[in-house]
Amino acid sequence: MKVLRYFVVALDSIRANKLRSSLTMLGIIIGVAAVLTTMGIGSGAAASITQQIESQGTNLLSVSPTGGGSTLTMGDAEALSDRSLHPALLTVVPEYTASATLTNGSSESQTQVVGVLPAYAPVRNLEAAAGRFFSEEEAEANQRVVVLGDTVAADLFAVAAEALNQQVRINGEPFQVIGVLKKSGSAGFGGPDSRAYVPIGVAQGRLFNAPRYRGDYTITAMSIQADGTRMEEAERQTELTLRLRHRLGPNDDNDFSIFNQASLLELAGEVTATLTVFLGSIGAISLLVGGIGIMNIMLVSVTERTREIGLRKAVGAHDSDILLQFLIESLVLATIGGLIGMGISFGLAFAVGRIPNFTFAVIIEPQALLLALGVSSASGFIFGIYPAMRATRLDPIEALRFE
Amino acid sequence: MSDYSSENGGAAPVIEIRDLTKTYLMGQTEVHALRGVSLTICEGEYVAIVGASGSGKSTLMNMIGLLDRSTSGSYRIRGEEVSRLSRNRMADLRNREIGFVFQSFNLLARTSARRQVQLPLFYAGVSERQSARRAVEALQRVGLGDRVDHRPDELSGGQQQRVAIARALVNNPSLLLADEPTGALDSKTGEELLALFDDLHRQGMTLVVVTHDDHVAHRAERIVTLRDGVILSDEPVRERASSTPIANRTNALAAGDGQPA
């Protein structure tokens with residue numbers, strides 16, 4: 001197989017000119033490392049977002065009021081709890097959320113206080129790190145007990161775990177801390193870490209004096225755990241009941257919105273896919289630049305090796321021999337560069353993985369590897385064609401400069 | 001003009017050139033580099049081609065070496081008409097029939113002597129194993145059997161030129177074509193190289209040396225002198241120079257005492 005022997009020639013030539021070869025490869029190395037790392041960041045972010053959404057349960061529906069003034073009431077939640085009318089809904093938990101000031105001595109924290117029922121904890125996958133969530137009885141009796149999120153507990157007490165069984169004041173009212181939640185890890189605003197949970201009756205009554213609608217306490221949201229295999233049905237049943245109870249005509253818009261974790265997941269997927277394509281195309285541009293770099297240096301190399309080419313022709317090389325030699329050389333260079341770039345991106349992914357508390361890992365997927373290697377080899381081939389043709393066209397007499 | 005070789009006791013001709021002309025176009029003007037050259041070189045001959053620059057000797061050498069095509073006339077190598085062959089056929093013939101030795105050696109950088117010598121065999125399609133063996137044999141033939149794995153920067157100028165000669169010989173060509181072979185060597189190594197040519201000549205190799213150095217030319221047994229694109233004279237050397245003491249050498253050699261580029 002004659003073509004295989006050119007790989008030997010190419011490797012000889014690469015080995016004989018280490019500096020030139022490594023400079024040629026540099027563009028491809030950086031390009032491939034950039035593509036793989038950015039796409040890895042994209043995949044890692046996607047995986048992290050997906051995992052966060054899934055940790056809250058994909059069979060979750062959130063209902064919240066839209067427009068001015070809440071028309072969502074405790075009565076709505078009770079009506080939806082009727083299993084015979086809403087077979088696809090498993091658990092319905094009303095929420096009443098408002099902002100309040102929590103104090104422990106001189107420590108103070110402005111916090112979202114959420115009034116809920118005990119069923120909220122399993123529906124939202126909340127687990128106590130210390131103590132427990134409040135019970136049915138405590139909720140029924142409107143007892144002043146509170147469960148703190150990790151961040152809130154840490155704000156009010158130097159060490160989160162010390163909060164248990166202490167008293168905190170919420171808007172001046174004393175509450176007993178009966179539980180501290182596990183750190184959920186979902187960073188940023190709105191996660192359970194930065195919230196405090198009290199029985200809903202306490203929130204609507206004594207704490208915030210919630211407005212009433214048709215004689216019923218209003219709520220700010222509803223969490224519904226539905227049958228995961230009947231999500232569409234669950235959404236339809238919820239919508240139908242709420243429209244009936246809110247006496248909306250056939251032409252009226254909903255005065256509430258239903259949020260589905262699954263559709264959120266889909267949306268997040270779309271966003272991260274776009275992000276990955278965007279990052280990947282930036283990387284692809286650097287690969288293109290790398291390919292042009294290969295062409296540049298191969299062109300210089302052809303000029304520099306004029307005599308070598310002349311000699312090879314003098315001792316019997318065909319035009320096709322010279323063409324293949326240079327083409328394969330640039331192909332081999334680009335492929336080696338691609339492999340080194342892969343190594344670097346794996347190194348980066350590993351290094352990022354070692355950073356403690358970093359929100360997500362860099363995930364390099366096999367398809368991305370194949371793509372990067374394929375593209376770098378192809379760019380070596382494509383950008384090698386022109387220099388190789390230049391080499392082929394050299395006149396051996398000129399090249400050798402006889403006399 | 002009498003053709004010397006026709007008197008040369010019946011050896012088979014390697015090269016037969018008849019009325020060869022070559023015209024270049026340089027800008028608007030035509031340059032007649034060769035204006036009708038006829039030359040026959042037979043097997044085992046040792047011929048020097050001499051002439052001032054512009055005499056056409058380089059053009060003739062390119063023709064003989066199958067690196068260029070003539071404008072008109074006929075050129076046969078071992079009886080095969082070559083003046084109208086395709087580029088690839090010319091490359092094949094160069095590979096098989098002609099061994100080149102250049103003034104500046106033209107070795108590949110950072111490549112072992114054995115690999116240099118294997119180069120023509122690579123293009124001849126000889127298997128790696130066989131070509132490695134033949135390369136070592138060729139290096140032994142020029143006295144470099146112990147330098148097989150040395151690279152050019154580890155060899156002296158004379159040794160580098162020997163590597164080039166081994167490379168020229170390795171595919172058993174019909175003709176060794178040397179262009180100012182001693183031009184880049186000091187006089188002592190130049191002398192050694194000419195002695196090697198003498199050896200090859202005694203072994204029956206056909207040698208053509210293009211030179212402007214009288215001393216080098218007089219080591220051959222026949223001198224062809226060109227001027228203005230025609231052969232001025234073509235005669236046997238009556239008194240061949242042999243290993244002359246260095247002190248008596250013409251200063252022409254010393255002028256080319258450079259290192260390879």
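**Exercise 1.** In this predicted model, determine which residues of α3(B) are buried, and decide whether the helix as a whole is enclosed or open.

*Solution.* Begin with the cut-off, by which a residue is buried if 20 or more other C-beta atoms lie within 10 Å of its own. Applied to α3(B), this picks out Ala113(B), Arg114(B), Arg115(B), Gln116(B), Val117(B), Gln118(B), Leu119(B), Pro120(B), Leu121(B), Phe122(B) and Tyr123(B) as buried. Because 11 of the 12 residues of α3(B) are buried, the helix is largely enclosed by the rest of the structure. Just beyond the end of α3(B) comes Gly125(B), with a positive phi of about 80°.

**Exercise 2.** Find where Asn106(B) is placed, and work out whether Asn106(B) counts as buried or exposed.

*Solution.* As a first step, locate Asn106(B) in the loop that leads from β6 to α3 (113-124) of chain B. Next, consider the backbone: most residues other than glycine have a negative phi, yet Asn106(B), which is not a glycine, has a positive phi of about 55°. Finally, count the surroundings, where 24 C-beta neighbours inside 10 Å mean that Asn106(B) counts as buried.

**Exercise 3.** Describe the 6-stranded sheet of chain B by its strand order, and explain why β6 and β10 of chain B stand at its edges.

*Solution.* Write down the order first: the sheet is open, with mixed pairing, and runs β6-β7-β8-β3-β9-β10 in chain B. At the edges stand β6 (98-101) and β10 (230-236) of chain B, and because each has a single partner strand, one side of each is left without a neighbour in the sheet. From one strand to the next, the twist averages 20°. Turning to one pair, β6(B) and β7(B), the latter covering residues 175-179, run parallel and are joined by 4 bridges, with Leu177(B) in β7(B) as the bridge partner of Phe100(B).

**Exercise 4.** State which strands are touched by helix α5 of chain B, and which strands helix α1 of chain B lies across.

*Solution.* Helix α5(B), residues 157-169, packs on the sheet and touches β6 and β7 of chain B, its direction making about 170° with that of β6(B). Helix α1(B), residues 57-64, lies across β3 (46-50), β7, β8 (207-210) and β9 (222-227) of chain B, and runs at about 140° to β3(B).

Definitions and conventions: Residues numbered from 1 in each chain as written. Chains lettered and ligands numbered in written order. Predicted model: local features only at pLDDT ≥ 70, side-chain atom pairs only at ≥ 80, totals over all residues. Pairing = 2+ DSSP bridges. Helix = DSSP H or I, 4+ residues; strand = E, 2+ residues; numbered from the N terminus. Axes fitted to C-alpha atoms, helices over the stretch in contact; angles between N-to-C directions. Contact = placed C-beta atoms within 7 Å.
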